[in-house]
Amino acid sequence: MRLVIDCFKLVKGQGKSIGIYNLAKNLTRHLAETNQNKEHCEEIVVLGNEYNRKDFAVPGVRFIQVKKNPLSKVNDALWELFGVVRAVKKAGGDRVLFPRGYRPLFYRGKDIVIIHDLIPFFYDRYFPGTLNRVENAYIMNRLKASARHAYRVVTISDYSRRKMEEMCPGCGDHTTVIYNGINPVPCSDAPSRLKPEGPYLYAGTSSLPHKNALGILKTYEAYFRAETGEGRTPARLVIIGIDGPESVPGGREAISPEAERYVTCCRYIESGEEMHSLLAGASAFLFLSLIEGFGFPPLEAMQLGVPVICSSRSSLPEVIGDAGLLTDPDDIPGTVSAIRRLLSDEALQKELSAKGYENVKRFDWDSRIKRYWEVLTQ
């Protein structure tokens with residue numbers, strides 16, 4: 001068997017999800033490492049581009065650089081319709097893995113598609129017009145076709161598998177749930193200009209509506225009012241993923257000037273060491289997303305021993321388990337109660353920290369790769 005992995009359209013920093021790029025990169029490396037003695041397949045071939053060569057041209061892989069520009073939408077469409085089928089045939093592929101979630105329209109071989117989430121359908125229903133309507137409709141149709149016609153489908157949570165079955169009845173018969181593997185997050189004491197004096201909450205979000213930055217701002221305003229109303233000094237808040245309340249629709253009205261003085265925002269931290277140092281120093285990690293296919297950020301916090309307060313929506317309860325406090329992101333009083341309870345209860349903090357360390361063990365790469373090989377060689 002010769003396995004071909006289609007990574008042509010993956011460019012780091014481009015598109016809406018760095019998670020898909022990182023999964024494809026880590027999965028490729030681990031597959032190559034576990035195939036050193038050709039125990040699983042004769043050869044692993046990666047179809048890549050000039051931008052991702054350094055991440056995918058790893059030992060144990062034959063890297064083929066496609067001489068097209070992956071940043072061109074025309075090239076992307078032609079690749080998906082015709083180019084990838086010819087490239088797989090030319091490479092002699094017996095199996096082909098599509099980590100981006102879309103299979104070619106005209107491929108008739110044994111293909112394995114990784115469908116990460118169904119967020120485009122969420123936007124179509126709850127936030128119509130936020131995304132380009134034509135592009136989003138195309139993506140939804142491609143996801144449906146991939147779920148229905150792929151030889152095998154892998155998805156990264158049981159929540160996504162259930163939603164796929166609702167969308168395409170019968171696709172569950174050839175779908176396998178394999179949780180994402182996680183890489184170790186190194187603890188760092190790197191200095192950060194963002195680190196406040198005293199206790200603080202660290203919240204992960206973005207400007208996309210499903211990441212619920214507006215809900216974080218509203219929740220902190222309510223928490224601030226509850227604490228100051230009882231004469232206590234509130235913990236500060238560091239929000240990573242937005243420039244400030246003004247960058248979120250409705251954000252300026254969601255938080256008062258008094259509470260905002262306790263909030264620090266930063267859209268992006270380039271240094272991983274600084275980011276991990278900032279996270280490790282937090283009293284709690286706040287993650288109030290409305291939908292996630294999996295949810296890496298809470299697991300990264302758990303690796304650093306930081307107690308987690310997390311949304312109870314979509315896939316997050318199965319990823320978090322009992323290792324964090326789950327809360328309905330629309331229930332602001334309930335979320336405020338969870339924050340105040342956690343910050344005032346040292347025993348609970350220690351309990352969640354210990355449970356977090358245990359929870360992340362479920363997502364080790366060795367067990368993930370074993371399951372991937374089982375699917376790939378069926």
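**Aromatic pairs.** I counted the ring pairs in this predicted model and found 17 aromatic pairs. For this count, rings of Phe, Tyr and Trp (its six-membered ring) pair if their centres lie within 6.5 Å; planes under 30 degrees apart are stacked, over 60 edge-to-face, and the rest tilted. A pair of aromatic rings is described by the distance of the centres and the angle of the planes. I looked up Phe 8 and Trp 79, which form a tilted pair at 4.7 Å centre to centre with 45° between the planes. This pair links distant parts of the chain, 71 residues apart: Phe 8 belongs to the loop between β1 (2-6) and α1 (18-33), and Trp 79 to helix α3 (residues 73-91). Helices (H or I, at least four residues) and strands (E, at least two) are DSSP runs, numbered from the N terminus.

Buried means under 20% relative accessible area, exposed over 50%, and partly exposed in between (1.4 Å probe, protein chains only). I also noted a cluster in which ring pairs link Phe 122, Tyr 123, Tyr 126 and Phe 127.

**Basis of the values.** Residues are numbered from 1 along each chain as its sequence is written, and side-chain values use heavy atoms, with hydrogens and water left out. In this predicted model, local features need pLDDT of at least 70 and side-chain atom pairs count only at pLDDT 80 or more, whereas totals for chains, interfaces and linings use all residues.

**Charges over rings.** I next searched for charges over rings, the criterion being NZ of Lys or CZ of Arg within 6 Å of the ring centre and within 35 degrees of the ring normal. The charged end of Arg 152 sits over the ring of Tyr 151, at 4.5 Å from its centre. Arg 236 places its charged end over the ring of Tyr 262, 4.4 Å from the centre of that ring.

**Cysteines.** How many disulfides does the structure hold? I found zero disulfides, a disulfide being a pair of cysteine sulfur atoms within 2.5 Å. Cys 7 is in no disulfide, and its nearest cysteine sulfur, that of Cys 41, is 14 Å away. Cys 7 counts as buried, at 0% relative accessibility. Cys 266 is likewise in no disulfide; the nearest cysteine sulfur belongs to Cys 265 and is 8.9 Å away. Cys 266 is buried, with a relative accessible area of 9%.

**The seven-stranded sheet.** I traced an open sheet of seven strands with parallel pairing, in the order β3-β2-β1-β4-β5-β6-β7. Two strands pair if DSSP finds at least two bridges between them. The edges are β3 (62-65) and β7 (175-177); each has a single partner strand, so one side of each is left without a neighbour in the sheet. Neighbouring strands here are turned by 20° against each other on average, direction ignored. Axes are lines fitted to C-alpha atoms, for helices over the stretch in contact, and angles run from 0 to 180 degrees between N-to-C directions.

I then examined strand β2 (residues 43-48), which pairs with β1 in the parallel sense over five bridges; Val 4 stands opposite Val 45 in β2. β2 also pairs with β3 in the parallel sense, over four bridges, and the bridge partner of Val 46 in β3 is Phe 63. Why is β2 largely enclosed by the rest of the structure? Six of the six residues of β2 are buried, so the strand is largely enclosed. Glu 43, Val 45 and Leu 47 point one way from β2, and Ile 44, Val 46 and Gly 48 point the other way.

**The six-stranded sheet.** I found an open sheet of six strands, also with parallel pairing, in the order β10-β9-β8-β11-β12-β13. β10 (263-266) and β13 (325-327) stand at its edges, each with a single partner strand, so one side of each lacks a neighbour in the sheet. Three bridges join the parallel strands β8 (residues 200-204) and β11 (residues 284-287); Leu 201 has Ala 284 in β11 as its bridge partner.

**Helices across this sheet.** Helix α7 (residues 213-229) lies across β8, β9 (236-240), β10 and β11, and runs at about 175° to β9. Helix α10 (residues 272-280) lies across β8, β9 and β11, at about 130° to β8. I looked up His 276 in helix α10; His 276 counts as buried at 12% relative accessibility. Leaving aside its neighbours within four places in sequence, His 276 is in contact (heavy atoms within 4.5 Å) with Val 185, Pro 186 and Leu 304.
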